[in-house]
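Subject: Structure handover and what was found in it

Dear colleague,

I am handing over the structure we spoke about, with its sequence. Please look through it first, and then read the notes below it.

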Amino acid sequence: MIDHARDLASVREATERLLTAAAKLDNAAVAEPSRLPGWTRGHVLAHVARNADALVNVLRGLPMYADAATRDADIERDAPRPLAAQLEDVRGSAARFDAEGEADADWSRTVELRNGVTDQAARVPFRRLVEVELHHVDLGIGYELTDLPADFVEREIEFLADRFAGNASVPPTRIVTEGGEWRTGGTEGDEVSVSGPAPALLGWLAGRTDGGGLDTTGGSLPALPPL
């Protein structure tokens, strides 16, 4: 069952972890490369802030972003800012998202995200949690996949397995962790079983690692499309 209030509390906690860690950087470190190709740490922080405002738009029934070009331009505009400005923006945008999440609303309603994707409003706080937690890892400042809360890892594995379900470019795949298993991918061909520690499986599904160290049977490790 989706518990949007619990997820909003988790977002607040994850945001504070990110801000506390990022506050130990300096301006030079913010301008250094992140773990995301082509993005500095400033790009990551700018994206985290702009995503919060975009999800406020979603909850208000507005377009998430004006368009893809505007989204990208806003991140490029904000990426070079000094650390203090980045932290202020992340904190301020997080507060706006939290306030919107605390407002009285019909959380069972359907909302629209990017590219025509729809979801239940109650799932938006978890989507925000994913952004904060994974991009904290992307900063490359000591917070690793293995540091992610275990319940978050399991939920995100389930979410990503559902995202790739029915995708014909992915072979039928069985994902096995210590805590459960999921099936994803298309329906044609032999099933491939992929198992390993939950954080390692999440890293592969989320495109953060190449899946090295995961165990596979029935075929090679599937190549996943970009998220």
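This is a predicted model: local features need pLDDT of at least 70, side-chain atom pairs count only at pLDDT 80 or more; totals for chains, interfaces and linings use all residues.

Residues are numbered from 1 along each chain as its sequence is written, and side-chain values use heavy atoms, with hydrogens and water left out.

Overall fold

The protein has 8 helices and 6 strands, where helices (H or I, at least four residues) and strands (E, at least two) are DSSP runs numbered from the N terminus. Read from the N terminus, the order of these elements is α-α-α-α-α-β-β-α-α-β-β-β-α-β. The C-alpha trace spans about 50 × 40 × 30 Å along its principal axes. The radius of gyration is 18 Å, which agrees with the value near 17 Å that a compact globule of 227 residues would have; the radius is taken over C-alpha atoms, and the globule rule is 2.2 Å times the number of residues to the power 0.38.

Of the 227 residues, 47% are buried, where buried means under 20% relative accessible area, exposed over 50%, and partly exposed in between (1.4 Å probe, protein chains only). Contact means heavy atoms within 4.5 Å, and among contacts between residues at least 6 apart in sequence, 57% join residues at least 24 apart. The accessible surface comes to about 11,000 Å², of which 51% belongs to carbon and sulfur atoms; such areas come from the Shrake-Rupley method with a 1.4 Å probe, and for residues only the protein chains shown count as cover.

The aromatic rings

A search of the whole structure finds 2 aromatic pairs, the rule being that rings of Phe, Tyr and Trp (its six-membered ring) pair if their centres lie within 6.5 Å, with planes under 30 degrees apart counted as stacked, over 60 as edge-to-face and the rest as tilted. In one of them, F126 and F152 form a tilted pair, at 5.9 Å centre to centre and 45° between the planes. Because F126 lies in helix α6 (residues 124-138) and F152 in helix α7 (residues 150-164), this pair ties together parts that are 26 residues apart in sequence. F126 counts as buried at 2% relative accessibility, and F152 counts as buried at 3%.

F126 also pairs with F159, and since the ring centres are 6.3 Å apart and the planes stand at 65°, that pair is edge-to-face. With F126 in helix α6 and F159 in helix α7, the pair ties together parts that are 33 residues apart in sequence. Both F126 and F159 are buried, and F126, F152 and F159 form one aromatic cluster.

Two single residues

N115 lies in the loop between β1 (110-112) and β2 (118-120). Its phi is near 55°, a positive value in a residue other than glycine, and N115 counts as exposed at 74% relative accessibility.

T216 is found in strand β6 (residues 215-217) and is partly exposed, with a relative accessible area of 32%. Leaving aside residues up to four places away in sequence, T216 touches V192, S193, V194 and L221. The C-alpha atoms of T216 and V192 are separated by 6.8 Å, although these residues are 24 apart along the chain.
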